[in-house]
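Here's a walk through this structure, kept to what you can check for yourself on screen. Have the viewer open and follow along.

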Amino acid sequence: MLYAILCYAQEDVVGTWSQAEDDACMARLAVIQERLASEGRLGPVARLLPTTAATTLRKGGAEPLIMDGPFAETKEQLLGFYLVDCDALEDAHDVARELTEANPVPGCYEIRPVGIFHAGVAVDPKAVADMAGARSQPG
Amino acid sequence: MNDLAWIDATFASARPKAMAALLRYFRDLDTAEEAFQDACLRALRMWPDKGPPRDPAAWLILVGRNAALDRTRRLKRETVLPPEDQLSELGDAESEMTERLDQADYRDDILRLLFTCCHPELPATQQIALALRIVSGLSVKQIARAFLVNEKAMEQRITRAKARIAAAGIPFDTPGPVERAERLGLVLAMIYLVFNEGYSASGEEIEPRQPLCNEAIRLGRLLLRMFPAEPEVMGLAALMLLQHARSSARFDAGGDIILLEDQDRARWNRPMIAEGLALVDKALRHRRPGAYQLQAAIAALHARATSADETDWRQIDVLYAMLEQITPSPVVTLNRAVAVSKAYGAETALTLVEPLGTSLDGYFNFHGVRGAFLMQLGRNSAARDAFNRAIALARSGAEAAHIRGHLDRLESEAVRQVETVPSP
């Protein structure tokens, strides 16, 4: 079963981290990702830029309307996601628990089973203007 | 990360909202600060066991307000304090509070808090110090370090600034659209001042001042969340992100500045650039160009160039020409001349620069840039004169060293020429 693990936290809390704190957290998360990858269970992983960089296209009208900002003002924001292959829901919860230990900033992980998944093509990680690659991991 | 680290981060992120609401409530900066401090102390006792509240800002506002009211009552020896543990039963009150304080209230509160710090009677340095203390919550010690003064002097500076504001009165009316736009403009300028205070540092000042850039970017994002559809807010945030993205490539090991064209672009911070570019794109959709957006668009062209040679100087010239129209200034024209020299040659650039001599005669960059154009045109003696003027006006060792490099090159060229002249 493929699960999406959606990472929610207050982006302005994460935004107060120094570069060193951010790097340290990413390094802890990277350990978990490497293990999952070596087990052949890790799908795409993404860390999203702050919601202030977002635009939202609202469907329904004659002409879709594009607005600035995220689709909803929420206390916690979607900061990133993982796709992980798990035998059972329990395994997915275990992964989320591990992520919690690596990144104890208050927030939630929403564990959602995936219905349809197309791997697409292997897009170039450099396309996110992130040449280092290692920093494009979700919190 | 331990308990204290996430609690600290939560305080820092909740602070602007909480301080802004407490300032509206108490109408006095000192009382609001004390109330916030009290709330943080209680949070430190409560949160590690009970976990964080769902809305930390609302919790801190409510607890801070109660604590300050208790203090007033205690001073008046009126009612008995409620037992401490009652504070943990905030669930209902907290959610009610949260509902009342929706984004629109926060928006005017935060704008007022920031606007208070950029009171026109305060000199720029006091505005910056106050914003860092009140809004960002930096300690007086940290701010003093950034300004290279001792703690006591900074404490006095902040106290004086607060006194001035108290005397002038804080505007508590809800601003109309025109006033709100005006205040927003002043607040943006103040945030950019904070940023530049950090960005302009060199040598040993870099380390204590760099946090100011991060604080300014945080304030920019905060403002953007409050005003999500204001293109100039996007422009300022983008400008700061795109400039700060270069920070680890801007100085050599000795703390001397490395010019944009010589920087190792692999050391630029890519996520920061991605965020800045995204904001520039968002802002351009509004088709309401402004000074910050144009400067951000220029920075974006530098960020998009994989090497200095690939910079789109013609487009940068176009953007500077637009900037000249919106904010005419000899400094903007001087910057445009640099783009013109790259796109169309030093001859054209020099004609753009020559008329600026009267207004920019006391400006280091003017003589430095003019000297560089003259040097490119082979007018070495005039170039030397310009560089000597520049050195006399240099504000830092790094600036002087950069010009000295040019002079040395002219010198060695002259020596080579003498050596290659055949003896009679």
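## Domains on record

UniProt, in an unreviewed entry, places "domain: DUF6596" at residues 183-283 of chain B. In this predicted model, that span is 65% helix and 0% strand, and its end C-alpha atoms sit 20 Å apart. Chain B carries another annotation from an unreviewed UniProt entry, "domain: RNA polymerase sigma factor 70 region 4 type", covering residues 114-165. That stretch comes out at 75% helix and 0% strand, with 12 Å between the end C-alpha atoms.

Over on chain A, the unreviewed UniProt entry lists "domain: YCII-related" for residues 1-114. Here the chain is 33% helix and 33% strand, and the end C-alpha atoms are 8 Å apart.

Overall, the model scores ipTM 0.86 and pTM 0.87. Chain A has a mean pLDDT of 89, with 92% of its residues at 70 or more.

Chain B averages a pLDDT of 88, and 91% of its residues score at least 70. Among the elements of chain B, helix H11 (residues 231-244) has the highest mean pLDDT, at 98, while helix H4 (residues 91-100) has the lowest, at 55.

## Chain B as a whole

Which kinds of secondary structure does chain B have, helices or strands? The count is 20 helices and 0 strands. Its C-alpha trace spans about 105 × 45 × 45 Å along the principal axes, and 42% of the 424 residues count as buried. Of the contacts in chain B with a separation of 6 or more, 63% are between residues 24 or more positions apart.

Ala166(B) is in helix H8 of chain B. It counts as partly exposed because 13 other C-beta atoms lie within 10 Å, and the buried label takes 20 or more.

## Cores and the interface

The largest nonpolar core has 123 residues, and Leu60(B) and Leu114(B) have the most contacts inside it. Helix H13 (residues 291-304) of chain B gives the most to this core, with 10 residues. Apart from neighbours within four places in sequence, Leu60(B) is in contact with Ala14(B), Ala18(B), Phe36(B), Ala39(B), Cys40(B) and Ala43(B). A second, separate core has 18 residues, including Ile5(A), Ala92(A), Leu99(A) and Trp6(B).

Where the chains meet, 24 residues of chain A are in contact with 27 residues of chain B. On the chain A side, the residues doing the touching split into 12 nonpolar, 6 polar and 6 charged.

After H15(B) comes Gly345(B), with a positive phi near 105°.

The buried residues of H15(B) are Thr333(B), Leu334(B), Arg336(B), Ala337(B), Val338(B), Ala339(B), Val340(B) and Ser341(B). They pack against helices H14 (313-326), H16 (346-353), H17 (357-360) and H18 (364-376) of chain B.

## Two loop residues with positive phi

Arg27(B) isn't a glycine, yet its phi is positive, near 55°. You'll find Arg27(B) in the loop between helix H1 (3-26) and helix H2 (29-50) of chain B. With 13 other C-beta atoms within 10 Å, Arg27(B) is partly exposed.

Leu148(B) is another residue other than glycine with a positive phi, near 55°. Leu148(B) lies in the loop between helix H7 (140-146) and helix H8 (151-168) of chain B. Buried or exposed, then, for Leu148(B)? Leu148(B) counts as exposed because it has 12 C-beta neighbours inside 10 Å, and the exposed label applies at 12 or fewer.

Technical notes
Residues numbered from 1 in each chain as written. Chains lettered and ligands numbered in written order. Predicted model: local features only at pLDDT ≥ 70, side-chain atom pairs only at ≥ 80, totals over all residues. Contact = placed C-beta atoms within 7 Å. Nonpolar A, V, L, I, M, F, W, Y, C, P; charged D, E, K, R; others polar. UniProt positions renumbered as here; feature names shortened; annotations may be inferred. Helix = DSSP H or I, 4+ residues; strand = E, 2+ residues; numbered from the N terminus. Core = buried A, V, L, I, M, F, W, Y, C linked by C-beta atoms within 7 Å. pLDDT = per-residue confidence, 0-100.
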